[in-house]
Amino acid sequence: MKTSRDPYAWIERSLATIHQANWYRSVKSLHGRPGAVVNLAGRSVINFASNDYLGLAGDDRLIQAAINATQKYGTGSTGSRLLSGNRDLHGELEMAIAQLKQTEAALVFSSGYLANLGTITALVGKRDLILSDQYNHSSLKNGARLSQAQVVDYTHNNLVDLTSKLQQHRPQSRRCLIITDSVFSMDGDLCQLPKLLNLAAKYNSMLLIDEAHATGVLGATGAGCVEHFHCTGEQLIQIGTLSKALGSLGGYVTGSTTLINYLKNRAPSWIYTTGLSPADTAAALAAIKIIQQEPERRSRLWRNVNLLKQLLAEVNLLASESPILCIELENIPQALNLANKLINAGIFAPAIRPPTVPTSRIRISLMATHEPEHLEKLAAVINS
Ligand SMILES: *Cc1c(COP(=O)(O)O)cnc(C)c1O
């Protein structure tokens, strides 16, 4: 019998709504190796859209480390870490992360997203409370939701609001976890770590910070926001990714040995997934060595940040203390227009718009490998 009902028809209608709101997005392909200049759909463009802050994703040493590890261990880890998927390389990488962060131990996940999901769900549950910055990354927000704890958002970087919400909700909860990005990924500003540590101590709460955009970028040795604020050695939970300044793929958690041993037994997104591939693991390990041995990469990155801020002195930039600089625009069409103007001039700097962020903007990520001429060309188009 024929029926007119189609249980999938709503998908097309939903997509039409997304189009109407100007929210529709699709992928673009970059060709060749990543870098400050890339080939986008057959055209050479200056790249301001990459998280590869130190220019390591196309570095020959990382590539060679990945090739060597693949030849030695094969392409896949073949199982979860607790069964057949563990290799010496994973332990070496975890030791290198713990040494960089000056923590007791670290644990590598298949991505930063999975590190947040697994860690947050392992640490809190139904009787507990999560306080979450409203601008946190999707992985923190979804980790919080998945944990089944009570989730209370506080106004972005507003510690008066956080304090009042701690006062209101903390007494009724068993455990409490405060979660925040350290560098806010779509704005470029920093969390107020020293004050957050004080508040966490005062309200008997755990603090988890996501160093995804800070590792390799901030701090004298590239250890991140914790080092930048001279909070090294303080008790807290640090999450990060191997896929931004470290140029590879994967995520990590770092903190006390007790925390890491607990997560190995309680974090489902670590226990029930395949160990990180040998190639990704070896590339990340090579990257950590390079960021420790070549601090000049970080110096060049910050030289570029300061130069671009000077060149854009007349432009409405969001407050930033990172290599992420955002030009604020009034609406989606304005942001798409400027992104178009830039791409026509051979500059790749994407429009970031609702629903990803509350207000439209052009988001510029700087790299150590940008030349001053790249920044001058960008500024010339924006200032014209
Ligand atoms: C990119 C990012 C992640 C996700 O890391 P992946 O390794 O790409 O999954 C998590 N948190 C923040 C703040 C990020 O910017």
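In this predicted model, three elements, α13 (332-344), β12 and β13 (351-352), each supply at least two residues of the lining of the largest pocket. Of these contributions, the largest share is that of α13, with four residues. The lining consists of 33 residues, and those nearest the centre of the pocket are K28, F348, P350, A351 and I352. The volume of the largest pocket is about 1,100 Å³. Sorted by class, its lining has 16 nonpolar residues, 11 polar residues and six charged residues.

Strand β12 also takes part in a sheet. Four strands make up this open sheet, in the order β1-β2-β3-β12, and their pairing is mixed. The edges are held by β1 (30-31) and β12 (347-348); each has a single partner strand, so one side of each has no neighbour in the sheet. Within the sheet, β2 (residues 37-40) pairs with β3 (residues 43-47) in the antiparallel sense, over four bridges. In this part of the sheet, V37 has I46 of β3 as its bridge partner.

The ligand is surrounded by 14 residues, and G112, D210, H213, T241 and K244 are the closest of them. By class, this shell has nine polar, three charged and two nonpolar residues. In Y113, a backbone N or O atom is 3.0 Å from an oxygen atom of the ligand. In the side chain of D210, an N or O atom lies 2.5 Å from a nitrogen atom of the ligand. For K244, a polar side-chain atom is found 2.6 Å from an oxygen atom of the ligand. The ligand taken alone exposes 380 Å², and 86% of that area is buried by the protein.

Empty space left among the atoms is shown by rolling over them a probe the size of a water molecule. One cavity of 30 Å³ or more is present in the structure. The largest cavity holds about 60 Å³ of space. Its lining is formed by R81, H90, V108, F109, S110, S269, W270, T273, T274, G275 and L276. Two or more residues of this lining are given by each of β4 (105-109) and α10 (268-271). By class, the lining of the largest cavity has six polar residues, four nonpolar residues and one charged residue.

Technical notes
Residues are numbered from 1 along each chain as its sequence is written. This is a predicted model: local features need pLDDT of at least 70, side-chain atom pairs count only at pLDDT 80 or more; totals for chains, interfaces and linings use all residues. Side-chain values use heavy atoms; hydrogens and water are left out. A residue is near a molecule or strand if one of its heavy atoms lies within 4 Å of it. A polar contact is a pair of N or O atoms within 3.5 Å; within protein, one must be able to donate a hydrogen and the other to accept it, and residues adjacent in sequence count only if both atoms are side-chain atoms. Accessible areas come from the Shrake-Rupley method with a 1.4 Å probe; for residues, only the protein chains shown count as cover. Ala, Val, Leu, Ile, Met, Phe, Trp, Tyr, Cys and Pro count as nonpolar, Asp, Glu, Lys and Arg as charged, and the others, Gly among them, as polar. On a 1 Å grid over the protein atoms alone, a cavity is a set of points where a 1.4 Å probe fits but cannot get out, and a pocket is an open set with protein on both sides within 12 Å along at least five of seven lines; lining residues have an atom within 4 Å of a point. Grid points are joined across faces, edges and corners, and a volume is the space filled by probe spheres set on the points. Two strands pair if DSSP finds at least two bridges between them.
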